[in-house]
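Trainee: I would like to learn how to read a structure. Please take me through one.

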Amino acid sequence: MHPMKSIKHIIVATSLLGSIPVHAGTETTPYIDESSALSTNATGLLLGKFPGETAWDRAWSGFTLYKNDDNQVLQEFSLQGRLQVQSIFGDDGDTFNTSDYKAAGNDETVWGDDIESRRARFGFKSKWFQTWKLEGQIDVDVDAHDSSGDFSPYKDIYNLYLTYAPVDTFNLSVGKTKVKFSREQEISSKEILTIERSLISNTLFPGELTGAWVSGKGIQEYWLYELGIYGGDRVREFSSFNEGLVILGKIGYDYSSQVGLDTAVASLHYMHNSDPGYVKLKDADFTPGTSPSFTDSIALTNDITSGRFGLTTELLYGFGFDGTAEQSGIQKNISQSDVIALSVIPSYYIANGLQLVGRLQLANSDAGNGITVPSRYERLSKLPSGANNDEKGNTYASAYMGLNYYIYGHKLKLMNGIEYSHMGGGDYDGYTAMTGLRFSF
Amino acid sequence: MKTFITLFTAAATLSVASAQTLSIKGSDTLGAKLVPQLAEGFKAAGNKGVKFEIAAEGSTTAFPALANGTAQIGMSSRKVKDDERTFCKTKGVFIKEHGICYDMLTVIVNKNSPLAKLSKAEVAKIFTGQIKDWSEIGGAPGKISVYTRNTSSGTYKDWQKLAMGGRDYPSSSLKMAGNEQIAQEVAKNKNGIGYVGLAYSKTTGTKTLVIDGVEPIAANAKKYTYARLCYLYAPDKPSAEADAFMKYVESSAGQDIVRKVGFIPVADL
């Protein structure tokens, strides 16, 4: 709507006895076009129409190229993406920082010595024929060069999938997607409250896989579900479907209205992995991820928010695997014991836009060396000397305290956190401090 | 002269202080009739100094306005979505939900239509485009014109959920800005059908249909299939004016106005 028209429509009541005039967008005029009762609200960058209350809203609306619910073919085409940068410092008796991370073979993602490009993605999302959605993103190579030195910002396909969504209770999707086992993995990195997810959630995470899945919510008002089957290989583009299967099933219940909370969802996740530990051959431009070394995994989750307070609680169990797995073309023995973990993430808004976040993790494995310290930063503690650190153990405990500052909701925010971790039966005992800026659209 | 300036300044300050403005934004269903009349009642109840700014452009507009502080109260004919509430929180606004009344969504056709009743299944088929001609359900031949609310409306989504099994509207549906536009267009179009809140069901030139044998009148609210709760949202620490207005809305005097305008007080169900 034109701003002047909006102002014109807001009429102030001034008299006790007189009626209260109202801009209803309705009583005498339609929403957009006063010459017609029909409401049309096409917006987007291509039309030069940027809806929103504030300059921030209008700026972000520019990522919507076209939006028009009245168009019979295309209802929306928007750009989507994220850039998340961060810097770390750790100490477990031996200090480590982002430059050590760079030196450990990550020079392509570290700008200078201190700023890591944690995630850089770019893509689109679109809605067609009212019930079809197509969206996808690539991981962007921030170095912008491939292994041969040629210019190439493309790193890999993060996701690309087609969804048929005739009703809320039934959506069918095919393509490549992040397989969201556990509550922490369900929450996008755009919206997670801690800078990094918890150890066991990452350990059980199967990656971005190709497959088909159905999901729905609002079944008998409160129930939700998801069931998916995927090729087990974590590859640059799409699965060959020759390397095992991952099956994920979820059932959840939204009990917010029964208890009077803002949100309250409890859910049970189950995942089966037919080829634990599998890793595809590495190529010059892409290092494939490893399939989790667990045959089956279970997550029992509870997520509630009320006013300033939030609490995510998760109990995870992974059934270990003893056997051989193909890793980069070689058969290797794997001995992974069962693990159990509890993760509790409370949060509280302490001031306008300022949120305090905590996290407690406790994990235990059946046998020694069943748990490995987080691979991203804590394992750097043995660098550069490579001394005598033992990165594996049988118990793990960590406590995280963070402060998030929201500049424009989750779309632009600063995140800071410090985490103390102790590996029982191993050598790691130290802390990691992290700071980051997250931008998304 | 000095005394005059002092008195003038004091008078101006007092007049500004005594004219507090209460900005309310959101749902057309609530904002076109009900909330303005509640505002009148509130002022008549001894709150003459409060000025109201009421902008009713759809439930979707309520939450950005609350988040940005351009509204002190949001009107919504649907529950707030998780992402809307989260955005408010990140801006330091912790909204509280107040269910203030029930609304019955009535199905209206042109007064000259021979139809008097429909089943819930027939309503779903008409509004999803599966039934395209009145002759398919025993009416006079004629292509059905489906009138709906626009996508910023909470009623648009509620109707999908209540009457259409969550399915989408046909691309041929005509999206209107408010209840009154739907009623006016149906009154002009002998092949028209639409849905409006109970408060708008008496528009000249239209008639309401009995659904699954239940007439859409307030007395039947419990058994009528298309009834929904409507809400006001206010920050957990509202301004004094907003707090007083919310209390008035929920008082017996406020709920009497709810009933008079054609909505159903919460306590009645």
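Predicted model: local features only at pLDDT ≥ 70, side-chain atom pairs only at ≥ 80, totals over all residues.

Trainee: How many helices and strands does chain B have?

Mentor: Helices (H or I, at least four residues) and strands (E, at least two) are DSSP runs, numbered from the N terminus. Chain B has ten helices and twelve strands.

Trainee: What share of chain B is buried?

Mentor: A residue is buried if 20 or more other C-beta atoms, placed from the backbone, lie within 10 Å of its own, exposed if 12 or fewer, and partly exposed in between. In chain B, 50% of the 269 residues are buried.

Trainee: Which residues of helix α9 of chain B are buried?

Mentor: In α9 (residues 240–250) they are B:E241, B:A242, B:F245, B:M246, B:Y248 and B:V249. They sit on the same side of α9(B) because they cover an arc of only 160° around the axis, taken from the directions from the helix axis to the C-beta atoms. The face turned away from that buried side carries the exposed B:A240 and B:K247.

Trainee: Why does A:E53 count as partly exposed?

Mentor: Because A:E53 has 17 C-beta neighbours inside 10 Å. A:E53 lies in the loop between α1 (3–9) and α2 (55–61) of chain A.

Trainee: Which residues does A:E53 touch?

Mentor: Two residues are in contact if their C-beta atoms lie within 7 Å. Not counting residues up to four places away in sequence, A:E53 touches B:P64, B:A65, B:N68 and B:T70.

Definitions and conventions:
Residues numbered from 1 in each chain as written. Chains lettered and ligands numbered in written order.
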